[in-house]
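Open the model in your viewer and get ready to click along. Each stop on this tour tells you what to select and what you will find there.

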Amino acid sequence: MPKQKKKKSEKELEKCTKRLKELKKELSKKEDEIEEHISHLQRLQADFENYKKQREKQETQIIEYANEKLILKLVDVLEDMERAMDNCKSPKDFEDGLNLIYRKFNNILEKEGLQRIPTKGEKFDPFKHEAIQVENHEKYKNGEIIEEISRGYMLKDKIIKPSLVKVCKKD
C-alpha cells in the first residue's frame, strides 16, 4: 500500500473512531433521557392511581353521609315525638302535640325541596299521576282527576312518587 494511501486510511479510521465515540456518547445521553422520562411517567402513573383511590374514598364518604343533615333534622322530630308521648296527659294535648310535630316535619320536607303534586281540578298527566281507577262521571270533564287515592310527591323538579288517582273517562 502506498504511503500516502495508508496515511489517508489512518486519518479516515481516526475520523470514524472519533465519530463513533461521539455517537456512543450521544446514545448514552439519549438512553439517560429515556430512563428519566420512563421514571417520570411511572411517578405520574403512581400519583394518578393514588388520586383515583383518594377520589373513590371521598365519593364513598359523600354517599355514606349525604343524608346526615336531613337525618339530624328528623332526629329533632323524633325527639319531639318522644317528648309528646312522655308528656301527653289528655287527648287534646296529644292532638296539639301531633299537629305541632306534623307541621315541623312538613316544614323540614318542604325546605329539602319536597312538593306535593296537585290533583284537585287538574287534568290527568301521566308524568305526574298514575290512574288506578277510571269512572264516567257527569260532573267532571274527560281526563279530569276525580279523586286522589294517594298523594304524589316531587323532590325539586323530579317526580319521586306519582299521585294515585281516579280519572274521569267519558264513553
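Start by selecting Glu130: across from this residue you will find Leu164 in E6. This is a predicted model, so treat the tour as a walk through a prediction.

Now widen the selection to the two strands. Strand E2 covers residues 129–135, and six bridges pair E2 with E6 in the parallel sense.

Which residue stands opposite Leu164 in E6? Select Ser150 and you have found one. Next, highlight strand E3, residues 145–150: E3 and E6 run antiparallel and are joined by four bridges.

Colour E6 itself, residues 163–168. Is this strand mostly covered or mostly open? It is mostly covered, with five of its six residues buried. Buried residues make up 13% of the 171 in the chain.

Time to zoom out and show the whole chain as a cartoon. You can pick out three helices and six strands. Following the sequence, the order is α-α-α-β-β-β-β-β-β.

Along the principal axes, the C-alpha atoms fill a box of roughly 130 × 55 × 20 Å. The radius of gyration is 40 Å, while a compact globule of 171 residues would have one near 16 Å.

For a last stop, colour the side chains by charge. There are 40 positive and 36 negative ones, and the centres of these two sets are 12 Å apart.

Definitions and conventions:
Residues numbered from 1 in each chain as written. Predicted model: local features only at pLDDT ≥ 70, side-chain atom pairs only at ≥ 80, totals over all residues. Heavy atoms only, no water. Rg over C-alpha atoms; globule rule 2.2 N^0.38 Å. Buried < 20%, exposed > 50% of the residue type's maximum accessible area, 1.4 Å probe, protein only. Lys, Arg positive; Asp, Glu negative; His and termini not counted. Charge placed at Lys NZ, Arg CZ, Asp CG, Glu CD. Pairing = 2+ DSSP bridges.
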